[in-house]
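The structure is shown first.

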Amino acid sequence: MHETHYLFHIFGLGVTSTVTTMWAIMLVLTILSILATRNMEKIPKGIQNALEMVVEMLLNFFSGIIGYEKARMFLPFLGTMFLFILISNYSGLIPGAGHVPGLAAPTSTWSVTAGLAITVFFATHIFGVKAHGIGYLKKFLQPVFMLPLNIIEHFVRPLSLSLRLYGNIFGEEMVIATLLGLIPYFVPLPVMLLSVLFGLIQAIVFTLLSSIYFYEATEEHH
Amino acid sequence: MHIDLNELIWAIINFLVLLALLYKFLWNPILNTLDKRSEEIKSNLSSAEALKKQAEEMLEEYKKKIADAKSEAQAIINQANKAAEENRNKIISQAHEEAARIIEKAREEIRREKEQALKEVRDEIATLAVMAAGKVLEKSITKEDHEKLVREFLAEVGEIQ
């Protein structure tokens, strides 16, 4: 990993190519959303229909794992995470990503995946406390001697989440970059097609695990 | 492999901002629309269910009505048949009676006619007998005998009177 290159600073925070790419992704997603929901119609068509299908698909997917009630409640978080990671993964397939200043797949750096995993970590405990109040902490004492292991488990989760995502996306990009360097024509194509699949799988895995953490944190005591 | 704190903080900020934006422009409106739509479909389905039930009830009612009408019609037909049967029997028995009466009358008539005829024949025979007797007597008796007979007859008649 080469030294982080800052394009410029805002509020003292260095802005890198991955950050600008994130902004671009945010912009695209927000504009699409505004276009889709600007004039909501009873019988959806065009972009409204397309995004409704995406939302329904995600809702059905998470409903199948954590039940409709919880899926409906957590969908904004999980759905946003899914779309953000998915498009971040795919942004690495744009020619020049990682080389052109201002364009780099956000999920190909550990910093970004760690940031996302940390949001999941805090969201998990916030949802847990919201659902059970202070009684949420009792979950860590079942049984009492498991307390240290339970705590470790909760801190390992963001680590595994972020490393899995980062490792996969970074690895794919390295493979494609290497292949492009060796034989620039045709050979990288199958790998790039596989990357499309892996990008989707990694986005699903990340949000799927997040949804399970949320479910676990908010489920009723037994 | 290292963590750049600037990128990490940006990732958190960006995600939270995107979450807020998409919540306002994507999740909230679309989830509400989906809820509304499923609510509407549910209410449409339940009203369709109610209408179906109503239609079934009406169908049942009409079936019952038709069955009632059929049985009523059957009853009317039965009654008509019975009345016709009765009427027929009555007419036949009347006809029998009438026939018997006519036969009786005819017999009476015949009897009367016969009697009349016999009487007439008897009278005719008497007259013919007298005439024949007269013819016989006319040849055998003389004028004096005849006058004598008439006188005797008249005398007898006069005695009776």
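The report below treats the overall build, the helix pairs, the nonpolar core and the chain contact in turn.

**Overall build**

The model is predicted. Chain A contains six helices and two strands, and along the sequence these elements run in the order β-β-α-α-α-α-α-α. The C-alpha atoms of chain A fill a box of roughly 60 × 50 × 40 Å along the principal axes. Of the 222 residues in chain A, 36% are buried. Among contacts in chain A with a separation of 6 or more, 62% join residues 24 or more positions apart.

**Helix pairs in chain A**

| Helix pair | Angle | Axis distance |
|---|---|---|
| α3(A) and α6(A) | about 155° | 9 Å |
| α1(A) and α2(A) | about 115° | 7 Å |
| α2(A) and α6(A) | about 50° | 10 Å |

Helix α3 of chain A spans residues 68–91, and helix α6 of chain A spans residues 188–218; they pack at an angle of about 155°. Because of that angle, α3(A) is roughly antiparallel to α6(A). The crossing of α3(A) past α6(A) is right-handed. On the side of α3(A), the contact includes F74(A), L78(A), M81(A), F82(A) and I85(A), while α6(A) contributes residues including L200(A), A203(A), F206(A), S210(A) and F214(A). Classified by residue type, this contact of α3(A) with α6(A) comprises 12 nonpolar, seven polar and one charged residues.

At an angle of about 115°, α1(A) and α2(A) are therefore roughly perpendicular to each other. Their crossing is left-handed. Here L32(A), S33(A), L35(A), A36(A) and T37(A) of α1(A) meet I47(A), Q48(A) and L51(A) of α2(A). The contact of α1(A) with α2(A) holds five nonpolar, three polar and no charged residues.

With an angle of about 50° between them, α2(A) and α6(A) are therefore oblique to each other. α2(A) passes α6(A) in a right-handed crossing. F62(A), I65(A) and I66(A) of α2(A) make this contact with L208(A), S211(A), I212(A) and Y215(A) of α6(A). Its residues are six nonpolar, one polar and no charged.

In soluble globular proteins, nonpolar side chains tend to be buried together. In this model, the largest nonpolar core has 51 residues, and those with the most contacts inside it are L75(A), L78(A), M81(A), F84(A), I85(A) and L116(A). Two or more core residues come from each of α1, α2, α3, α4, α5 (147–182) and α6 of chain A, and also from α1 (5–140) of chain B. The largest share of this core, 11 residues, is supplied by α3(A). Leaving aside residues up to four places away in sequence, L75(A) touches L58(A), L59(A) and F62(A), together with W27(B) and L31(B) of chain B.

**The contact between the chains**

The contact draws 35 residues from chain A and 27 residues from chain B. On the side of chain A that touches chain B, β2 (13–15), α1 (17–37), α2 (46–66), α3 and α4 (110–132) each supply at least two residues. The largest share of that side, nine residues, comes from α1(A). By class, the side of chain A that touches chain B has 20 nonpolar, 13 polar and two charged residues.

Note on methods: Residues are numbered from 1 along each chain as its sequence is written. Chains are lettered from A and ligands numbered from 1 in the order in which they are written. This is a predicted model: local features need pLDDT of at least 70, side-chain atom pairs count only at pLDDT 80 or more; totals for chains, interfaces and linings use all residues. Axes are lines fitted to C-alpha atoms, for helices over the stretch in contact, and angles run from 0 to 180 degrees between N-to-C directions. Helices (H or I, at least four residues) and strands (E, at least two) are DSSP runs, numbered from the N terminus. Angles under 35 degrees count as roughly parallel, over 145 as roughly antiparallel, 65 to 115 as roughly perpendicular and the rest as oblique. A crossing is left-handed if the near helix is turned anticlockwise from the far one by less than a right angle, and right-handed if clockwise. Two residues are in contact if their C-beta atoms, placed from the backbone, lie within 7 Å. Ala, Val, Leu, Ile, Met, Phe, Trp, Tyr, Cys and Pro count as nonpolar, Asp, Glu, Lys and Arg as charged, and the others, Gly among them, as polar. A nonpolar core is a set of buried Ala, Val, Leu, Ile, Met, Phe, Trp, Tyr and Cys residues joined through C-beta atoms within 7 Å. A residue is buried if 20 or more other C-beta atoms lie within 10 Å of its own, exposed if 12 or fewer, and partly exposed in between; C-beta atoms are placed from the backbone.
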